[in-house]
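Subject: The two-chain model, with notes

Hi there,

Here is the structure I promised to pass on.

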Amino acid sequence: MQNDSKVPLLAVEDISVSYGQVKAVKQASLAVFPGEIVVLIGANGAGKTTLLETILGINTPISGSIRFMGKDITGNPADRNVRAGLCLAPEGRGVFASMSVLDNLLLGAHHNMRNVGKNLRRVYDWFPILEQRKDQIARTLSGGERQMLAIGRALMSAPRLVMVDEPSLGLAPIVVNDIFNILSMLNREGYTMLLSEQNAYKALQCAHRGYVLGTGSVSLSGTAQQLLNDPGVREAYLGA
Amino acid sequence: MQVLIAQIINGLSLGSIYVLLVTGFNLLLLVAMIIHFSYPQVVVFSMYITWVVLQLTGNNVLLGVLAGVGSSILLNLISAPLFQKVMKNRGEVDINSTMVLSLAMGMIITDVLSHSFNRGLPIAFPDQISQSTPVLRIGLITILSGQVWSLGVGVVAVTGFFLLLYKTRAGRAFRAIAEDPSGARLVGIPLLKTGLESYALTGVLGGIIALLLATLLGSASPGLGEQVALKVLAVSIIAGLGHLAGGLVVGLLLGILEAVAQGYISGTWSNVIAFVVMLGVILMKPSGLFGTKL
């Protein structure tokens, strides 16, 4: 376990991503070690979602490399990366709104149908509300429940790294607390996580380390405590 | 009352054929991103192949059915690379280009059928397929064994197809892509491969529909595909383009409407009546009864 934590589970090196003429991510590097919660902090439009989607394989970087579990996965398609143990919970609206909660969860297990019963049981144990609502259409869920569904669906693939995009987006403060408690709990259960957040204060309280993303490139990184105490971060993201 | 019951039974068999055609069309539209207007022409082509094999084998039904289903799958395999080329460039290429491809396929099939089979004359299926033994006679109404067969097979096929769509892993992936292709990519569903799977599935389905049509109509002509294609397009638009459950309801209703019109008014007017009713519906609800998914 000690040795394990020296080798990053995910290592992103100098990747750049562009949409046509616009460079959305510029030479960003980051690493996630087993057992960690790492948070990407940045304002709206800083490139957080693009970076996460590129790691998953939705976008192909124009330069740089991505290594996952020691293997180069740069340019691999998303379905192959999901099978290899990557997953991304999109922001809460990213569930299939016209499908049932159960169908959404089963879609998460698309490449992992063998243990579907066991995984479903575990997700229901962590999110009892999803079991109560399993036959409901996802559109009828509250914002917090949808976020839980997005996270639960990601866990159905039995991932080695769980990426969660903006877990607090559009949620009431009390629900945000619930979501971060759940993320911390999942981390204690053994899940390694990479989050993206605008809500820097909450996210840094929950995370071990963080990276600050400003218009596409990493401007600062450090332990969560360092970032919480950094005057620049305090001014730009914590409103202090 | 007897006429009504008999025509409703007829209508349900015709309706289940429409349902299968519309669902196949919708699936191609939403999952494979192909506008396949000529899907019914492909089905009619399979009917012809079934007929040819029946002629050659002295009415061996099993071989005929296998040949029909096989030709539908084969035609799909041949045309898949063409569509695949278009699908690969999805996002860059307009979905309309698949429509041109499909229309061309339909015209070629119709022309080949009218030049090369039975000198362009309508074909008639032997009794082993069309099954015109009366099983029930009430007053003026006769129910033929072929009608019972096509109703039975139609109901089983529709049920099986919808169970596949709503209860299996592949069906879930189809519906996920139909709802949100980029969301489907996020959960790791490969778009191209799943699109091709849906295309293969409609090939199998086409063979089954061909058999059902042969049983129900007992004959086919080169123009049959175009006629049916118009109705399938109308049904899918009236239900709401791409709405699977809507297609089920409207397909069955159209079948019943046509059959009842045939029973009470005149067979030759049933198309007119069907299209007038559909015209009325589309004027009241331009986006379809169930709302479009596109």
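Let me start with helix 1 of chain B, which covers residues 2–30 in this predicted model. The helix has 29 residues and spans 41 Å from its first C-alpha to its last, close to the 42 Å expected at 1.5 Å a residue.

Two helix pairs in chain B may interest you. Two packed helices are described by the angle between their axes and the distance between the axes, and I have used that description for both.

Helix 7 of chain B contributes B:Ala170, B:Ala173, B:Phe174 and B:Ile177 to the contact, while helix 9 of chain B brings B:Leu191, B:Thr194, B:Glu197 and B:Ser198. By class, the residues of this contact are five nonpolar, two polar and one charged. The crossing of helix 7 of chain B past helix 9 of chain B is left-handed.

The second pair is helix 10 (residues 224–239) and helix 12 (residues 270–284) of chain B, again with axes 10 Å apart, but here at an angle of about 30°. This makes helix 10 of chain B roughly parallel to helix 12 of chain B, because angles under 35 degrees count as roughly parallel. Their crossing is left-handed. Which residues meet between helix 10 and helix 12 of chain B? From helix 10 of chain B they are B:Ala234, B:Ile237 and B:Ile238, and from helix 12 of chain B they are B:Met278, B:Val281 and B:Ile282. This contact has six nonpolar residues, with no polar and no charged ones.

Chain B also has some backbone angles to look at. B:Asn59 has a positive phi of about 60°, although it is not a glycine. B:Asn59 sits in the loop between helix 2 (39–56) and helix 3 (61–88) of chain B, and with 15 other C-beta atoms within 10 Å it is partly exposed. B:Arg119, likewise not a glycine, has a positive phi near 55°. Its place is the loop between helix 4 (96–116) and strand 1 (123–124) of chain B. B:Arg119 is exposed, with 7 other C-beta atoms within 10 Å.

Now for where the chains meet: 21 residues of chain A are in contact with 14 residues of chain B. On the chain A side, helix 2 (78–84) and helix 3 (101–108) each supply at least two of the residues that touch chain B. That side of chain A has 11 nonpolar, six polar and four charged residues.

Finally, is A:Leu86 buried or exposed? With 29 C-beta neighbours inside 10 Å, A:Leu86 counts as buried. This leucine belongs to strand 6 (residues 86–89) of chain A. Leaving aside neighbours within four places in sequence, A:Leu86 is in contact with A:Ile55, A:Leu56, A:Phe68, A:Asn81, A:Pro159 and A:Leu161. A:Leu86 and A:Leu155 are 69 residues apart in sequence, and their C-alpha atoms are 10.0 Å apart in space.

Best wishes

Methods:
Residues numbered from 1 in each chain as written. Chains lettered and ligands numbered in written order. Predicted model: local features only at pLDDT ≥ 70, side-chain atom pairs only at ≥ 80, totals over all residues. Helix = DSSP H or I, 4+ residues; strand = E, 2+ residues; numbered from the N terminus. Buried ≥ 20, exposed ≤ 12 C-beta atoms within 10 Å, placed from the backbone. Left-handed = near helix turned anticlockwise from the far one by under 90°. Contact = placed C-beta atoms within 7 Å. Nonpolar A, V, L, I, M, F, W, Y, C, P; charged D, E, K, R; others polar. Expected span 1.5 Å × (residues − 1). Axes fitted to C-alpha atoms, helices over the stretch in contact; angles between N-to-C directions. Parallel < 35°, antiparallel > 145°, perpendicular 65-115°, else oblique.
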